[in-house]
Each structure stands twice: as structure tokens, then as C-alpha cells.
Amino acid sequence: MKNREADDRDDFESILPEYGRRKLLTCAESIRELAESFQETRENREILPEESRNDFLCQRRLFENKNLMAEHLQEMAQIMTDVAQETKSCRPLSVRRVKQIAHAMKEVGVQMKNLYLIENEEGKSEVTICLRNEKRNTLSAEEMGDLLSVLLNIRLVCTGDNPFFVTEEWKTFYYVEEAGYHVLTGVATAVKETEKVSGDNYSFFEMKPGNQTAILSDGMGSGEKACQDSTLVVELMQKFLEAGFPAETAISMINSALVCREESANLSTLDICSIDLYGGECRFIKVGSACSYIKRGQLVERISSGNLPMGIFQKPDVDMVCRELEDGDYVILFSDGVTDALSQGMGEEILPEVIGSCQLSNPGEIAGSLLNFCIHQCKGRIRDDMTILVIGIWKKEEE
């Protein structure tokens with residue numbers, strides 16, 4: 001008869017059965033073969049001399065779209081392969097340790113089962129546990145996380161999709177190792193004086209536990225059309241990233257959507273700032289966007305790019321820059337309207353000095369102060385939408 005530890009390991013392995021992995025890999029191989037068929041069609045097709053110029057251009061556009069489709073299918077196949085090959089190791093707990101945890105839960109009126117301590121690919125701890133409230137007292141998921149932190153000697157925090165309370169029904173709760181940094185965000189915006197809506201759009205969200213991501217997109221022009229384009233970019237980008245797509249793949253797919261839309265001039269910039277809250281690493285991804293800045297005390301670093309917006313070419317040009325952030329740093333993202341406003345005054349070159357001399361600590365106040373400076377530079381004439389995003393990062397205090 002197997003012992004409890006062996007049973008727990010068997011239960012854990014059943015979460016991701018080998019059959020499921022094989023099925024994903026088979027699907028990936030099928031999609032990969034389909035992609036190759038598109039490529040073969042393109043490579044084997046010859047343009048005959050007697051074809052007219054219009055026919056030639058139409059055929060060429062068709063071949064380019066087929067090749068683009070083949071690339072996207074290849075990317076989808078690779079994503080499925082990566083998911084099938086993901087590994088998470090279960091750190092087995094002794095029978096005695098499990099009984100101690102169960103006893104501690106019992107003392108607060110909670111039953112537990114299916115406790116798994118998992119180490120993900122990044123070496124961070126994750127905990128899943130099934131809980132049921134016996135005494136009908138009010139116990140929150142956060143309180144149970146605090147208790148587990150003490151019992152497992154790991155600082156744990158709830159994920160956003162947990163039930164809020166432990167109820168009479170069995171429910172599964174998910175906890176992750178607490179990150180070493182936390183952030184605050186701030187925004188300041190101004191709409192072009194002749195428009196009712198801004199052509200800029202932005203979003204702050206957690207791409208995954210322990211990550212803070214900001215997206216800023218500036219649609220070409222202003223008004224409703226620009227707003228629709230930048231909304232499409234921000235919403236799709238957030239959904240792709242939250243689903244686990246690599247940023248490069250997501251950008252390529254969204255760019256294709258802009259290029260293939262019936263309306264002309266579907267151009268949008270893309271500015272992404274992704275911060276790892278465990279180690280403080282910050283990754284900037286820029287496609288045609290304005291300069292970003294990192295403020296460390298009075299020192300300011302400019303993060304720039306020289307590429308074009310999305311929606312122009314079949315393959316977008318993407319710039320990526322990584323930096324290590326420290327306690328008390330600020331990351332500042334601007335839309336193009338800020339640059340235009342400064343060009344009417346002292347110029348963009350003054351911006352690092354203005355940012356460095358700012359003594360405010362609240363990200364919202366910093367964003368508002370910078371926006372007021374820009375409006376002053378253009379003498380109150382807001383000729384383009386302006387959006388400023390500020391992210392402040394601080395190290396959590398050890399308890």
C-alpha cells in the first residue's frame with residue numbers, strides 16, 4: 001500500500017497528465033505542417049510574364065499575406081510546444097508536516113486537503129490548497145495565506161482569482177511567493193483642444209504574479225479614429241500577454257491586424273514597460289513611441305527608439321531595452337503629444353532636467369506636475385493628446 005506522500009505525488013502528476021502533453025504536441029505539429037503548406041504554395045508560385053501589373057500586385061499581396069499567415073501559424077505551434085514542455089516541480093511535504101498544518105487549520109475551524117507546494121520554472125514557490133470552513137466564522141483567503149506563510153515559512157500572497165472567503169463548500173485557493181518590490185502608479189492626461197476623446201490609451205495590469213506591466217499607445221491623429229486604433233492595440237496586447245504569448249509574437253499579430261484593416265492609415269505607437277517585482281528588472285518594448293525615462297534621485301536616464309509605428313510594414317521593427325531598477329526609482333512613459341508640446345517651448349532636451357529636479361514622491365503628483373509643465377511650454381494650446389504614465393518602485397520592508 002502506498003504511503004501518503006506517494007499518493008500526493010500521484011495526485012499532483014494527475015494534474016498535467018502525459019496524455020494532455022502528447023495531445024498539445026500533436027496539435028502543434030499539425031499547425032506547423034499547415035504553416036509549411038502555406039510556405040510551399042508561396043515558394044512554388046511563379047508570376048507569368050503576361051500577367052498585368054494589377055494582377056501582379058494583387059498576387060504579390062496575396063503571397064505576402066499567406067507568408068504572414070504561415071509565420072503566425074509557426075508561432076502558434078511553438079507556443080503550444082512550449083506549454084506542453086512547461087515543468088513545475090512538486091516539493092513533497094512529509095506526512096508529519098502535513099498533519100501539523102492540518103492541525104493548525106483545524107484550530108481555526110478549517111478543513112484542508114490536496115496541499116501542494118510547487119516550485120515554478122523561475123524558482124519561486126506556489127501553493128495550492130483545498131479548504132472548507134467548518135465553524136461558519138468569517139475567514140478570508142488573505143488570512144489563510146498569512147497562516148500558511150507562518151506554517152510553511154514562506155511569505156505568501158493571494159492571487160487575484162481566489163475566492164474572497166473560505167466557505168462551507170470545498171474551494172481551491174492559490175498562493176504565490178511574495179515579491180520583494182511593490183509599485184504605485186500615476187497618470188495625467190490632456191485631450192487635444194478640438195476633440196472630445198483622446199487618441200491615447202493605456203493600461204496597468206499584472207501580466208503574471210510578481211509582474212507589473214504598463215502599456216501606452218498613441219493612435220495616429222486624434223479623435224475617435226485614433227482612439228479606436230490605440231484601444232485595439234492596448235486591449236489586444238494586454239490579452240495576449242496575460243494569456244502567456246511572447247511579446248514579439250503578440251506585436252506581430254496585432255501589427256497584422258492593423259495592416260489588414262480596410263481603413264487606411266491604421267497607425268499606432270506601442271510603449272510597454274514590464275517590471276519583475278522579484279528582482280527589479282525592467283524591460284522596455286518600443287514600436288514608434290516617444291522616449292521614456294528612469295528617474296533615480298536627481299539622475300535621469302533616457303530610453304529612446306528610432307523605429308516606426310505599428311501598421312506600416314508587414315513586419316514591425318521592435319526595440320527592446322532592459323534595465324535594473326532600485327528602491328525608490330521611477331519609470332516615466334510619454335505619448336508623442338508631450339514631445340510636440342515641448343517643441344513649442346524649451347524643447348524636449350530640457351525634460352531630463354525637469355524630471356531630475358522634481359521633488360515629489362507620489363507617482364500621480366509627478367505625472368500631474370510634468371503635464372502642467374508641458375502645457376505651460378505650449379502656452380495652454382493643447383494641439384495633440386498628451387498622456388504621462390509614472391510607475392514608482394519600492395523595496396518591501398522585512399518583517
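**View 1. Residues at the contact between helices H4 and H5 in the predicted model.** On the H4 side, Arg97, Ile101, Ala104 and Met105 take part, and they meet Met144, Leu147, Leu148, Leu151 and Leu152 of H5. Sorted by class, this contact of H4 with H5 comprises eight nonpolar residues and one charged residue, with no polar residues.

**View 2. Geometry of the H4 and H5 pair.** Two packed helices are described by the distance between their axes together with the angle between those axes. For H4 and H5, the axes come within 11 Å and cross at roughly 145°, and the crossing is right-handed.

**View 3. Helix H5, residues 141-152, and the residue that follows.** The 12 residues of H5 reach 16 Å from the first C-alpha to the last, which is close to the 16 Å expected at 1.5 Å a residue. Just after the helix, Asn153 adopts a positive phi of about 60°.

**View 4. The buried residues of H5 and their surroundings.** Ala141, Met144, Gly145, Leu148, Ser149 and Leu152 are buried in H5; seen down the helix axis, the buried residues fall within an arc of 150°, so they line one face of H5.

**View 5. The protein as a whole, for context.** The protein contains 10 helices and 15 strands, and buried residues make up 43% of its 399 residues. Of the contacts in the protein with a separation of 6 or more, 70% are accounted for by residues 24 or more positions apart.

Conventions. Residues numbered from 1 in each chain as written. Predicted model: local features only at pLDDT ≥ 70, side-chain atom pairs only at ≥ 80, totals over all residues. Heavy atoms only, no water. Helix = DSSP H or I, 4+ residues; strand = E, 2+ residues; numbered from the N terminus. Expected span 1.5 Å × (residues − 1). Buried < 20%, exposed > 50% of the residue type's maximum accessible area, 1.4 Å probe, protein only. Arc of directions from axis to C-beta. Contact = heavy atoms within 4.5 Å. Axes fitted to C-alpha atoms, helices over the stretch in contact; angles between N-to-C directions. Left-handed = near helix turned anticlockwise from the far one by under 90°. Nonpolar A, V, L, I, M, F, W, Y, C, P; charged D, E, K, R; others polar.
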